Amino acid sequence: MCAKYLIFPPFLFTVLMLLAVFSIPTHTAAEAHTGTIGDHLALLAIKSMIKSDPFGVMASWNHSTPNFCQWKGVTCSTRHQRVTHLDLSSEINGTLSPSIGNLRFLRGIDLTYNSFFGNIPLEVGRLFRLRELNLKANYFNGNIPTAIMNCSALQVLDLRYNNLSGEIPLEIGHLFRLQELSLGYNSFTGNIPTAIMNCSNLQLLDLSSNNLSGKIPDEIGSLPRLLTLDVSRNILEEGGHIPPSIANLTLLNELYLDDCRLGGTIPDVFQRLANLKTLQMSRNNLIGNIPPSLCNASSLIEVTLSVVVFSIPTHTAVEAQTGTIGDQLALLAIKSMIKSDPYGAMASWNHSTPNFCQWKGVTCSTRHQRVTHLDLSGNEINGTLSPSIGNLSFLRRVDLTSNSYSGEIPSEIGRLFRLRELNLGENSFTGNIPTAIMNCSNLQILDLGFNNLSGKIPDGIGSLSRLLTLDVSGNIFEGGQIPPSIANLTLIIQLYLEDCHLGGTIPDVFQRLTNLTTLRMRRNNFIGNLPPSLCNSSSLIEVHLDDNQFNGTLRGIFLNIPPPLSFLDLSSNKFFGKLPSLSNDSSLQDLYLSNNLFVGTLHNLVCSNNDSMIINLDLGNNHLSGDALECWEKWSMLMYLSVENNNLLGVFPKTLVSIDSLQYLIMSGNNFKGNLTEIFMNLPPSLYRLDISGNQFQGTLKLGGIPEELRLVDLSSNEFGGSLHEALCSDSNKWIKVLNLGDNKFSGIIPKCWEKWPILKFLNLQNNNLSGEIPSTLGFMPSLEILNMHGNKISGRLPSSLVNLSSLKILQLGENKLVGNIPRWIGTTLTLLRILNLRSNHFYGNIPQELCYLSKVQILDLAHNNLAGNIPRCLNNFSVLSGGVATLDARSSYTYYYGSYFASDSLVIKGREETYTVILWLVMLLDLSSNNFSGQIPSELMALRELKSLNLSRNQLTGNIPDNIGDMKSLESFDLSANKLSGKLPMSLSRLNFLSNFNVSYNKLIGSIPTSTQVLTFNESSFLGNKLCGPPLTNVCVAVKVPYTLRDQKEDAGSHGVDWGLIISITLGFVTGSWIILAPLIMSTSWRMAYFCVISRLSK
């Protein structure tokens, strides 16, 4: 929907830029800006603090690339165009601007391997959506800001290799979702805070190479999910012991306790650490015997108890080798199932690069060289996914999105118990979602969206209790329902279930999903009322429920709840009743209620609250009534407003044009009236689109002084009148691209000031009272793609200056008084034409052969003129109509600006004149009816296999209907009536299976009507005025008795002579057959004996 992607006014951007440059260092001004504008300014403020950028990572961060989502290192959400990830790993030098705190949709920050210095900004603490903060390998100094502990969604905090100092904040224990905490290689002092033990989801804890003192907390065993623990190279308490509670870390893979002044004996706990593979305790003061459980550990691969690395026992080293070899074999098995790899993503996966950790898309752990990440996304790889992926047991992240994988998802993925991210979206996987995936209990991101999966969402989905993001959108769960176990996903933040054929009611479980911020269930078949727990959710920020079958009223639904809900789309459902009011503390910015059954006035919604924060408001296609009110001054942030296709009336509200931020104003299809002279003089400066078509506005029109940002103006189907000269020719150049003035009461000649409209692409003046000739200055608009002057009183010839309109795709001049020959230059220069409509004029002469150069034409309508001569045989050069060129791109020729405006054409198809708009790009038509064409129908026309409507009626055509008419298999309407055609109806007519309108009446056709099922569906009127017989006509076909002529007598006399050929054939046959029987009897004794035995038996 166009409203969801807004364009920022350049002049206002300049002002805000100046404010940003001079004010943002104080970071108070930046806080005032929200939304995409705030993100834009925050990024520029970050760049302003950079001193050097040797690799030009930020080179694109400027006005020449206005869309900041395209800036290098910046990733935005596809849905609301807000910055979600910042990746600037490239030796940048400078300080980190506090404005980073204004990027409130940030989920990931990666500034690794740069030269940032100074303190970490306190403002990072505002980023409540932040999941990953990676500042590794910089020069940050000072303390860790306690404000960071406000980032309650944080899962990864990596501050290694900096100059940070001070004590580790006790508040770090508030980060309950933290999974990785890496503070190594800094200068932290003090004790290891026991508060860390509150982070029960920790899987990695790295405190190495600091100046930490005290001892390892006894509570360390309260981190049951810990996989890696590293407190090496610290100055812990002299002689401190290894706490026995370490026995509770049963999932531990890696334990690093080297060089930290530990003493005493090693506790005998290793029988419980069944997953431990790496143990480093060198350079300590440990004493005593090596505990038996350590000697007997079967999982250990590497053990360091001094400065020497021992491999124990022997079979463990073999297992280590098997592990890496197993990874290599698994990767090669994955490659073996690939059919095509157009970008060579797997080209390095071979023996010439023996270290598989260097293969493209493969990431290994630094310590034990096992595959941890597999990223082959966006490579258009085609094939199936090998079950061997289940052998990559150290995998934590798999990303195969945006490829062409097919077949079923292998259930072996369920073996990957370390897996945190599984991204298989945007492929062609089929079959059910494997229930084995539910074994991957550490999964945080599961993306299976936009495949061809079927069946249902597994009931066991609720067992993935750590899941943060679930996306199964764009699949085919026909009639499936949302499993109630989804209530167990208590950590879920994003839930995407859109466009996947789900139905039924939504389970009332949202009171348990207290972290859910984004819910997308659009384009399904959900029914019933919205569940109360969904309406009362206090965590939701975005809700997309459009294109379903929900019903009920909106009293108390969403609209009276406090922040943070900012986006709500309930459009295209069956909600009814009056519009609700908004509470004063509502944080809604986007509200879409279009295509429902709402009634009543706008008053409750528009006039009920103070200073609305809404930016986008869509109320179109309902049953709202009353006037548009004068309360709009409270909506100072409004950018998009649509009230189209309601029953609103009254005059245009003046307070609407007082909203300086307004960019899209759509009021079409109502009953507004009045004069708009004053309104047009005071339009908002940032207005981009104005659509007030289909109302009762009247008076003369003057477009002088319109905003420079205005690009699309639709004033059609009103009662505007007077001359167009004053409306179009005042002031300086206009920068409008789409101008629709059709279906009004404009009169007089067409003005000549078209040089003032240099970028106009779409001009519609149809169905007015314009007269005179087409001005030659129309040729001064080289960008013009659609020109529609249908239904006026325009006279004269087509000016030769139109030859300059080389971008023209649609030319509609029908229903006028134009004269002369059809110009040859139409075919030679307007080669992009898809629609040429010259019907109902006074053109004469032949169709020029050059018209055959219009290879892209889909609609050629020359009906109701005075054209004569033969129909050109070269019309088979129309590549689109013959199927030689694909037509799928045709829609872009008729649709402009986010699908908000469609071209239209008035055509006669199947005997009825109708206006085609939305489906115009599907119409394939050739109409030469009501002219004076003579000669035969060219058989070459039958090559137009994509043609759907062919009308050659009311001409002077002679000869037979081409026998290969059946080749035009797409034909739906075929009219040859009122000509002088003769002969029989071709039998190939029976192959036209889509034919629904057929007329050959009033010709000179003879014989029987073909008896195909399709032809027999037409009534008698389709065949009248001929000498045809058989159904559906009442006259029965009678066999014709041919007269007996003299020639026949001679032929009969000749037939009484001797037929020597027949006699010779019979004689040769008899001799040959006899010889075949007698020869064996003469030559073989056994044959003779057998023969006489048979005769003897028969005689008895």
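**Ground rules**

I worked on a predicted model, where local features need pLDDT of at least 70 and side-chain atom pairs count only at pLDDT 80 or more, while totals for chains, interfaces and linings use all residues. I counted residues from 1 along each chain as its sequence is written, and side-chain values use heavy atoms, with hydrogens and water left out.

**Entry 1: the disulfides**

I began with the sulfur atoms. A disulfide is a covalent bond between the sulfur atoms of two cysteines. My cut-off for the pair of sulfur atoms was within 2.5 Å. How many disulfides does a search of the whole structure find? It finds six. I then numbered the bonded cysteines in sequence order and read the pairing as 1-2, 3-4, 5-6, 7-8, 9-10, 11-12.

I looked up Cys-357 and Cys-364 next. Their disulfide has an S to S distance of 2.1 Å. The link is left-handed, with -95° about the S-S bond. Both cysteines are buried. Buried means under 20% relative accessible area, exposed means over 50%, and partly exposed lies in between, with a 1.4 Å probe and protein chains only.

Then I turned to Cys-729 and Cys-753, which are joined at S to S 1.9 Å. This link is also left-handed, at -75° about the S-S bond. It connects distant parts of the chain, 24 residues apart. Cys-729 sits in the loop between helix H9 (724-728) and strand S51 (738-740). Cys-753 sits in the loop between strand S52 (745-749) and strand S53 (762-764). I noted both Cys-729 and Cys-753 as buried.

For names like these, helices (H or I, at least four residues) and strands (E, at least two) are DSSP runs, numbered from the N terminus.

Cys-1029 and Cys-1037 also form a disulfide, with sulfur atoms 1.9 Å apart. Why is it right-handed? The torsion about its S-S bond is about 105°, so I wrote down right-handed. Cys-1029 is buried, at 14% relative accessible area. Cys-1037 is partly exposed, at 35%.

I checked two further cysteines for burial. Cys-199 is buried at 0% relative accessible area. Cys-260 is buried at 0% as well.

**Entry 2: strands around S74**

I counted two strands as paired if DSSP finds at least two bridges between them. Strand S72 (residues 980-984) runs parallel to strand S74 (residues 1004-1008), and three bridges join them. Lys-984 stands opposite Ile-1006 in S74. S74 also pairs in the parallel sense with strand S75 (residues 1027-1029), over three bridges. There, Gly-1007 faces Leu-1028 in S75.

**Entry 3: an open sheet**

I traced an open sheet of four strands in the order S21-S24-S26-S28, with mixed pairing. Which strands stand at the edges? They are S21 (338-340) and S28 (428-430). Each has a single partner strand, so one side of each has no neighbour in the sheet. Strand S26 (residues 404-408) pairs with S28 in the parallel sense over three bridges. In S28, Phe-429 is the bridge partner of Gly-407.

**Entry 4: a UniProt record**

I looked up "domain: Leucine-rich repeat-containing N-terminal plant-type" in the unreviewed UniProt entry, which lists residues 39-77 and 327-365. Such annotations may be inferred rather than shown by experiment. The end C-alpha atoms of residues 39-77 lie 12 Å apart, and that span is 26% helix and 15% strand. For residues 327-365, I noted 12 Å between the end C-alpha atoms, with 26% helix and 15% strand.
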